[in-house]
Amino acid sequence: MPAALPVAAAARLARLEIELPSWGFADTGTRFGKFLQDAAALTLEDKLDDAAEVHRLTGACPSVAIHVLWDLPAGGGAAALSGLARARGLRIGSINPNVFQDQCYKHGSVANEDAAVRRRAIDHLLASVELGKACGSRALSLWFADGTNYPGQGSVARRKRWFADALREVHAAMPDSMTMLVEYKPFEPAFYHTDIADWGMAYVLAKSAGERARVLVDTGHHLPGQNIEHIVSFLADEGMLGGFHFNDRHYADDDLTMGSIDPYRIFRIFLAICEAERALGRDLPVEFMVDQSHNLKPKVEAMVQTVVTAQELFAKALLVDLGALDAARARHDIVAAEECLRRAFATDVRPMLAEWRVSRGLPADPLAAHRASGYEARAAAARLPRKRASGGSYA
Ligand code: LRH
Ligand code: MN
């Protein structure tokens, strides 16, 4: 294997932008408790500072995803938002509305039997579009907790039509520069049915919403045994793949750090992207985003680790000899085909990436550089007094 990253691979890797979730820097928890960290972000400014630290170290994270009611609890602040990001060398990325936490959404948001609640939810989605316009955001990222817990509780068909109506109305309000990302999830918090439960339902609703609606693949939103890279290849070939929420899982929805459980699966997903980009002849117009909650790991460290892992696994996928792979496939040489993947996956790309980072004026080892920077201790010293005073919020 090459000593240095091949030129084309290095160039593609340099174009890999990984969007960070603001909520990944704040205190979060499990269903049974929230575990506070001294250095965890309290305010939007803290979250942007942390994201800027990750971008300083990796050069790969110029944008931050916003969760509207978690980052702008008082609703205002849209005008200042992009300025706060720009002041830190960042931009506001995808806008994620919150239609799952208000009491009125107990029985759903856009699929609630109560028309007034459906209207309220749609109005929040429309306000999120306006926020996105104000920030120059190119993605409206939609996830809905809507579903039921018991057989008979809801009419799937009626709810499906309410979803279609709502997404059509919201799509019509989006500027041409904005893409709607429809995220699916098989369960949680609903445990009998979830209205947008899998890639097919998200696909149908995105298609009916409008031409700038795509499917968002959260890697944690798959039942055990599902072949995620199959879904990725299928959606990409349809031109319906809009983005990823990367994380890892043993079960489902674990939101663990990417590549911590099944790096070979993430490698296979990146390979599916490489093959789709070869077929397309250019980079896929896809948002690469992280969606994790770091209950136990120090949050900025976990994020740096995630970005470094993403770069390593993408670099390995870029090393797969697609020509040799095709030739092996054509002659049904299954072992040779698999060996194309195994050889690339087994390549230790860390020395190549260290050299590549240094050539771009970045630290060879971002995690070590972060630890040596004392950033976390400074953040804890600055935030702990504020945390004691405020008691902290969710995300
Ligand atoms: C839902 C989800 C969605 C976000 C939330 C933070 O589980 O994946 O993407 O809104 O996590
Ligand atoms: Mn997600």
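## Ground rules

Residues are numbered from 1 along each chain as its sequence is written, and chains are lettered from A and ligands numbered from 1 in the order in which they are written. Because the model is predicted, local features need pLDDT of at least 70 and side-chain atom pairs count only at pLDDT 80 or more, while totals for chains, interfaces and linings use all residues; side-chain values use heavy atoms, with hydrogens and water left out.

## The ligand site

Eleven names make up the surroundings of ligand 1: Trp-23, His-67, Trp-70, Trp-143, Glu-183, Lys-185, Asp-218, His-221, His-245, Asp-253 and Asp-291. A residue is listed here if one of its heavy atoms lies within 4 Å of the ligand. By class, this shell has three nonpolar, three polar and five charged residues. Nonpolar covers Ala, Val, Leu, Ile, Met, Phe, Trp, Tyr, Cys and Pro; charged covers Asp, Glu, Lys and Arg; the others, Gly among them, count as polar.

Some side chains come within polar reach of the ligand. A polar contact is a pair of N or O atoms within 3.5 Å; within protein, one must be able to donate a hydrogen and the other to accept it, and residues adjacent in sequence count only if both atoms are side-chain atoms. Glu-183 places a polar side-chain atom 2.7 Å from an oxygen atom of ligand 1. For His-245, the distance from a polar side-chain atom to a ligand oxygen is 3.2 Å. For Asp-291, it is 2.7 Å. The protein covers 91% of the 300 Å² of accessible area that ligand 1 has on its own. Such areas come from the Shrake-Rupley method with a 1.4 Å probe; for residues, only the protein chains shown count as cover.

## A buried aspartate

Where does Asp-27 sit? Asp-27 is in the loop between strand S1 (18–21) and strand S2 (29–30). Helices (H or I, at least four residues) and strands (E, at least two) are DSSP runs, numbered from the N terminus.

Is Asp-27 buried or exposed? Asp-27 counts as buried because its relative accessibility is 3%. Buried means under 20% relative accessible area, exposed over 50%, and partly exposed in between (1.4 Å probe, protein chains only). The Asp-27 side chain has polar partners. The backbone nitrogen of Gln-37 lies 2.9 Å from it. A polar contact of 2.6 Å links it to the side chain of Lys-387.

In soluble globular proteins, nonpolar side chains tend to be buried together. Here, the largest nonpolar core has 111 residues, and Phe-244 and Phe-270 have the most contacts inside it. Helix H10 (residues 299–318) gives the largest share of this core, 10 residues. A nonpolar core is a set of buried Ala, Val, Leu, Ile, Met, Phe, Trp, Tyr and Cys residues joined through side-chain atoms within 4.5 Å.

Phe-270 touches Phe-246, Met-258, Phe-288, Ala-310, Leu-313, Phe-314 and Ala-317, leaving out residues up to four places away in sequence. Contact means heavy atoms within 4.5 Å.

## Buried helix residues

Val-170 is in helix H6 (residues 156–173). It is buried, at a relative accessible area of 0%. Beyond four places in sequence, Val-170 contacts Ile-122, Leu-125, Leu-126, Val-129, Leu-140 and Met-180. Its C-alpha is 8.9 Å from that of Asp-123, 47 residues apart along the chain.

Ser-128 belongs to helix H5 (residues 115–135). At 1% relative accessibility, Ser-128 is buried. Past its neighbours up to four places away, Ser-128 touches Val-68, Ile-95, Pro-97 and Leu-140.

A cis peptide bond joins Glu-188 and Pro-189, with omega about 5°. Pro-189 lies in the loop between strand S8 (179–183) and strand S9 (193–194).

Asp-253 is not a glycine, yet has a positive phi of about 60°. Asp-253 is buried at 19% relative accessibility, and is also among the residues around ligand 1. His-332, likewise not a glycine, has a positive phi of about 55°. His-332 lies in the loop between helix H11 (322–330) and helix H12 (334–345). At 69% relative accessibility, His-332 counts as exposed.
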